[in-house]
Amino acid sequence: METGPALDTRLESFRNVSMEFDFVYGMLAKACGLSGTEYWALILIREGVETQREISEKLSLSRQTLNSAFKLLIRKGLVRLEHFERDQRSKRAVLTEEGNRFVDTTIARTRRLEEQAWQTMTEEEQAALIRLTHQFSTALRQSLQAQNK
């Protein structure tokens with residue numbers, strides 16, 4: 001296994017790029033007047049993710065953090081929570097009319113920016129980025145799980 005300054009420099013460069021990536025996505029959310037959590041929650045709700053539990057798992061966030069974001073989304077009139085017909089103990093998140101309009105206009109603009117940036121890469125570069133990012137996150141997750149056993 002490689003060690004030393006060259007490995008440290010490459011890993012530090014990757015960490016910096018990763019933080020830059022997070023920062024840019026945070027800028028997309030701010031351009032919509034939202035926190036990152038609110039932004040991704042609206043996108044996931046639009047994509048059919050129904051419960052706060054599912055959203056918190058997808059975003060790797062605590063339920064408390066997501067609950068705070070939901071309170072803001074509800075206060076802004078973008079989301080409402082309603083009971084499932086089959087399970088009155090659980091609630092599903094639903095976009096309000098205003099929430100649908102907001103996603104269709106404001107968030108759609110930032111998604112177009114994301115698509116434009118994505119299209120600056122070739123299909124091969126896109127596929128490599130997806131593959132390598134997944135490969136690294138899987139390896140890191142497995143290392144963490146092995147350490148915690």
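Student: What volume does the second largest pocket have, and which residues lie nearest its centre?

Tutor: In this predicted model, the second largest pocket has a volume of about 260 Å³. Its lining has 13 residues, and Thr-51, Gln-52, Arg-53, Arg-63 and Lys-91 lie nearest the centre. H3 and H4 are the elements that give two or more residues to this lining. H4 supplies the largest share, four residues.

Student: How is the lining of the largest pocket divided by class?

Tutor: There the residues are 20 nonpolar, eight polar and five charged. The space itself is about 1,700 Å³. Of its 33 lining residues, Ser-18, Phe-21, Asp-22, Tyr-25 and Thr-133 are the closest to the centre.

Student: Which helices supply at least two residues of that lining, and which gives the most?

Tutor: Helix H1 (5–31), H2, helix H3 (52–59), helix H5 (97–118) and helix H6 (123–147) each supply at least two. H1 gives the most, with eleven residues.

Student: Why is H2 called roughly perpendicular to H4?

Tutor: Take the angle. Helix H2 (residues 36–46) and helix H4 (residues 63–75) pack at about 80 degrees, with their axes 9 Å apart. Angles of 65 to 115 degrees count as roughly perpendicular. The H2 and H4 pair is therefore roughly perpendicular.

Student: Which residues meet where H2 packs on H4?

Tutor: From H2 come Thr-37, Glu-38, Ala-41, Leu-42 and Ile-45. From H4 come Thr-65, Leu-66, Ala-69, Phe-70, Leu-72 and Leu-73. By class, this contact has eight nonpolar, two polar and one charged residues.

Student: How do you know that Asp-104 and Arg-46 form a salt bridge?

Tutor: Compare the distance with the cut-off. Their closest N and O atoms are 2.9 Å apart. A salt bridge needs an Arg or Lys side-chain nitrogen within 4 Å of a carboxyl oxygen of Asp or Glu. The pair therefore qualifies as a salt bridge.

Student: What does this pair tie together?

Tutor: Asp-104 lies in helix H5 and Arg-46 in helix H2, so the bridge joins parts 58 residues apart in sequence. The structure holds eight salt bridges.

Technical notes: Residues numbered from 1 in each chain as written. Predicted model: local features only at pLDDT ≥ 70, side-chain atom pairs only at ≥ 80, totals over all residues. Heavy atoms only, no water. Axes fitted to C-alpha atoms, helices over the stretch in contact; angles between N-to-C directions. Parallel < 35°, antiparallel > 145°, perpendicular 65-115°, else oblique. Contact = heavy atoms within 4.5 Å. Nonpolar A, V, L, I, M, F, W, Y, C, P; charged D, E, K, R; others polar. 1 Å grid on protein atoms, 1.4 Å probe; cavity = no way out; pocket = protein on both sides within 12 Å on 5 of 7 lines; lining within 4 Å. Points joined across faces, edges and corners; volume = space filled by probe spheres on them.
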